[in-house]
Amino acid sequence: MGEKRLFYNGRVLDPEKGAVCGGALLAEDGIIRAVGKEEELRDVHGAEKVNLEGVFVMPAFLDAHSHFTQTACSFLQASLRGVSTEKELVCRI
């Protein structure tokens, strides 16, 4: 069992039900383990408790697909925009 956090006293969207279903959310190592009423989840052993103070919480889908490497490599390329002679080309490179 890893790091546990109990977020309570909020309005929590349950994505499986598609509705706001209670005021608590239990997360372990960043993964949502339970959504429900505060009374149902408050006694989870070892969980750090975080008061949401009434805010709305909606689990997010994070798309890890990205082009960081491709973008970084593009900074290593010389722009040839506006080059009209061989001498300018050599200077840019």
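Modeller: Before we start, two strands pair if DSSP finds at least two bridges between them. Keep in mind that this is a predicted model.

Colleague: Fine. Which strand does β2 pair with in the antiparallel sense, and over how many bridges?

Modeller: Strand β2, residues 11-14, pairs that way with β3, over 2 bridges.

Colleague: And what stands opposite D14?

Modeller: A19, which is in β3.

Colleague: What is the strand order in the open sheet of 3 strands?

Modeller: The order is β3-β2-β7, and the pairing is mixed.

Colleague: Why is one side of β3 and of β7 left without a neighbour in the sheet?

Modeller: β3 (19-20) and β7 (56-57) are at the edges and each has a single partner strand, so one side of each has no neighbour in the sheet.

Colleague: What holds paired strands to each other in general?

Modeller: Strands of a sheet pair through backbone hydrogen bonds, in a parallel or antiparallel way.

Colleague: Different topic. Where is E28, and is E28 buried or exposed?

Modeller: E28 belongs to strand β4, which covers residues 24-28. E28 counts as buried because its relative accessibility is 10%, and the cut-off for buried is under 20%.

Colleague: What does the E28 side chain reach?

Modeller: The backbone nitrogen of G2, at 2.9 Å.

Colleague: Now the surface. Which residues make the nonpolar patch?

Modeller: L80, L89, V90 and I93 make a nonpolar surface patch of about 390 Å².

Colleague: Where is I93 found, and is I93 buried or exposed?

Modeller: I93 is in the segment after α3 (86-92). I93 counts as exposed because its relative accessibility is 73%, and exposed means over 50%.

Note on methods:
Residues numbered from 1 in each chain as written. Predicted model: local features only at pLDDT ≥ 70, side-chain atom pairs only at ≥ 80, totals over all residues. Heavy atoms only, no water. Patch = residues over 30% accessible without salt bridge, like charges linked within 9 Å, V, L, I, M, F, W, Y side chains within 5 Å. Areas by Shrake-Rupley, 256 points an atom, 1.4 Å probe, with all protein chains shown as cover. Salt bridge = Lys/Arg side-chain N within 4 Å of Asp/Glu carboxyl O. Helix = DSSP H or I, 4+ residues; strand = E, 2+ residues; numbered from the N terminus. Buried < 20%, exposed > 50% of the residue type's maximum accessible area, 1.4 Å probe, protein only. Polar contact = N/O pair within 3.5 Å; in protein donor to acceptor, adjacent residues only side chain to side chain.
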